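Reader: Could you take me through one part of this model up close? I'd like to hear about a pair of packed helices, with the cut-offs spelled out as you go.

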Amino acid sequence: MGSSQSSLNFSEKPVDAHQPAAMDVERLRTDLKEAGQEHLLQFWPSLEPEQRQALYEDITSMDLQEVNAFYRRTLDEAEDQEKLDDRLKPVPAEVFGSVVRSSAEQLEAYRRTGLEAVSRGEVGVLLLAGGQGTRLGVSYPKGMYNVGLPSSKTLYQLQSEGVRRLQQLAGEVTGRVGGTVTWYVMTSESTKEPTVRFFEQHDYFGLSADDLVFFEQGTLPCFGFDGKIILESPSRVARAPDGNGGLYRALERENMLRDMERRGVKYLHVYCVDNILVKMADPVFMGYCISRGADCGAKVVEKAFPTEAVGVVCQVDDHYQVVEYSEITLKTAQKRSADGRLAFSAGSICNHFFTLEFLKYVVSEHESELLHHVAKKKIPHVDSDGQTQKPDKPNGIKLEKFVFDVFQFSKNFAVWEVLREDEFSPLKNADGAEKDTPTTARLALCSLHQRYVLAAGGQFVDDDGRPIPLIPR
């Protein structure tokens, strides 16, 4: 990784006559020096004209003062981070709904409300699909992954079929045919092209191409622990997506809010790509939030045990927030309510409800207030010889915003608790890891479908026609 230099010699190799006139290298050099990032031009003398052009455009495409400010503010916040125990309150009962503590009549009413909204074309789904499958050991987007189901269906296909079934169900229940669920897919620089191509190759899995909208989240440069922007190669800055909370800036930049308004979308279900059990715009969840007049909502599962490493939806200083497990003490994590359940039990699963009006409000009034978070990562970087190195331990940080950081701005928040075994099994790690693997995801989906069959009166038999016991020996 390059370091700051007090002086740079740009005369070792004359500028090529074909160098585009638009490049103002002297101005760039001045800007970099003011920002303390002049090392980004350390290889300039040895670059070919097209490499110089690429590096020039790469650097000038970012606001150096802004990204430096992001870095400083993020590090300051991280250093000032304190345990939040004294400021925490559990989610109040009046905004906390639960699938297991609601009557069949209530659930059906919520479901009907959600399906009515779908039938009117008022519901959209928004997929956060900017991550690569690095931890899975693959070089393509997670949504293209096949966990080994008998059908060989990928996550994208399962979710596509969920959208199709939702539209069909809304027509059957309401008698109003033609309600369209618009599917917004937020990709990153590295996932957009393969994602779009994958859907095209599979004819959008039976959905209308007009009802799929792909857009791209932004990127931010990666920083070394010394505050210097990392070069990935002599002519390229190391960049990373700005986190799933980059959604809000992307909605404005890519004109997605106007697209939603034009289509008549009023309610959004926002979710992460890697949950194989996700219910696309779950009409019960959507109907619950709509019925309460909520502007923002979170679907949660009960924490399995006090020290489970999941964020918890709760109140901090009377504002709603997802608090990471590292931000509270063990004593607080173990607190119990009168009913014996964990006081802070609402485990976040990145499954959210937003109204369009709330998103417009956040983007116009509060996006600049959202803080970045530090993610220490192993970031490929260039060495002093101009060779790209892949470190075996974290050597820098990526700055990320989180999608749930906007909960604090909600004026009418709602929480809906569901069963983990029915709705949450994320795919994050390759087989061999302790959890969240292709095998655990596959078994979770097969188990869910087995329960569907049994609930419908079906029975499983072996090769000889004998019933298979539900609890195996």
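Author: Helices α8 and α11 run roughly antiparallel to each other, a label used for angles over 145 degrees. Their axes cross at roughly 155 degrees and come within 11 Å; axes here are lines fitted to C-alpha atoms over the stretch in contact, with angles from 0 to 180 degrees between N-to-C directions. α8 covers residues 256-263 and α11 residues 356-365, helices being DSSP runs of H or I with at least four residues, numbered from the N terminus. The crossing of α8 past α11 is left-handed, meaning that the near helix is turned anticlockwise from the far one by less than a right angle.

Who does the touching? On the α8 side you've got L257, M260 and E261, and on the α11 side L356, L359, K360 and V363, where contact means heavy atoms within 4.5 Å. Sorted by class, that's five nonpolar, two charged and no polar residues; Leu, Met and Val count among the nonpolar ones, Glu and Lys among the charged ones, and Gly among the polar ones.

Before you read too much into this, bear in mind that the model is predicted, with local features needing pLDDT of at least 70 and side-chain atom pairs pLDDT 80 or more, while totals for chains, interfaces and linings use all residues. Residues are numbered from 1 along each chain as its sequence is written, and side-chain values use heavy atoms, leaving out hydrogens and water.

Terms used:
Helices (H or I, at least four residues) and strands (E, at least two) are DSSP runs, numbered from the N terminus. Angles under 35 degrees count as roughly parallel, over 145 as roughly antiparallel, 65 to 115 as roughly perpendicular and the rest as oblique.
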